[in-house]
Amino acid sequence: MDGKDTVAPPLECMLRWSGKKASRFLIVSAFNVAFGQGLLVLAYSWLGWSFAVSNGASVAIGAGPAYVLTRYWAWEKQSKNHLVKEVLPFGGLVFLGLIVSTVATGIANTYSEAQVVLNLVNLASFGLIWVCKFLLLDRFMFGGDPEALEPAL
């Protein structure tokens with residue numbers, strides 16, 4: 001028996017599981033981007049709201065679907081929701097995204113009122129937070145113990 005037989009299968013299994021979560025989180029994030037950007041366009045261009053109010057509304061409306069899709073589909077959690085360990089920290093990450101994107105778009109709005117510029121700045125703001133968010137969700141909120149996920153480990 002060589003070292004490859006003892007080390008590779010558990011490592012491959014862990015990478016497969018992490019890759020699955022990352023792929024699903026990316027899909028959920030893409031949905032949330034499309035949903036949120038659509039709400040921004042609706043509120044800012046069609047309803048005439050300020051960009052800050054439009055941004056707040058789109059983030060608030062999108063937070064629920066984002067949580068549900070992330071928890072139940074991306075991380076495949078089926079247990080009861082935990083207010084202190086999951087819901088509130090997820091809400092905190094959403095609020096962080098709201099603050100960063102609102103400040104960034106507020107700065108951008110002093111230079112341009114073009115819808116596309118403000119949407120791109122908004123998107124870039126959430127993009128900066130995305131990687132950190134994935135790591136925090138996986139490590140502290142939804143990830144759990146990798147050994148408990150796959151018996152092969």
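Q: What is the make-up by class of the lining of the largest pocket?
A: By class, 14 nonpolar, 11 polar and 1 charged residues make up that lining. Here Ala, Val, Leu, Ile, Met, Phe, Trp, Tyr, Cys and Pro count as nonpolar, Asp, Glu, Lys and Arg as charged, and the others, Gly among them, as polar. Keep in mind that this is a predicted model: local features need pLDDT of at least 70, side-chain atom pairs count only at pLDDT 80 or more, and totals for chains, interfaces and linings use all residues. Residues are numbered from 1 along each chain as its sequence is written, and side-chain values use heavy atoms, leaving out hydrogens and water.

Q: How much space lies in the largest pocket?
A: The general idea: rolling a probe the size of a water molecule over the atoms shows where empty space is left. On a 1 Å grid over the protein atoms alone, a pocket is an open set of points where a 1.4 Å probe fits, with protein on both sides within 12 Å along at least five of seven lines, and lining residues have an atom within 4 Å of a point. In this case the largest pocket holds about 510 Å³. It has 26 lining residues, and the closest to its centre are Ser-29, Asn-32, Val-33, Phe-126 and Lys-133.

Q: Which helix supplies the largest share of that lining?
A: That's α1, with 8 residues. Helices are DSSP runs (H or I, at least four residues), numbered from the N terminus. α1, α2 (51-74), α3 (83-109) and α4 (115-141) each supply at least two lining residues.

Q: How many salt bridges does a search of the whole structure find?
A: Look for a side-chain nitrogen of Lys or Arg within 4 Å of a carboxyl oxygen of Asp or Glu. The search finds 3. In one of them, Arg-24 pairs with Glu-76, with the closest N and O atoms 3.0 Å apart. That pair links helix α1 to the loop between α2 and α3, 52 residues apart.

Q: Which residues are linked in a network of salt bridges?
A: Arg-71, Lys-77 and Glu-86. Arg-71 meets Glu-86 at 2.6 Å, N to O, while Glu-86 and Lys-77 meet at 4.0 Å.

Q: Is Glu-86 buried or exposed?
A: Buried means under 20% relative accessible area, exposed over 50%, and partly exposed in between (1.4 Å probe, protein chains only). Glu-86 counts as buried because its relative accessibility is 5%, whereas Lys-77, at 21%, is partly exposed.

Methods. Grid points are joined across faces, edges and corners, and a volume is the space filled by probe spheres set on the points.
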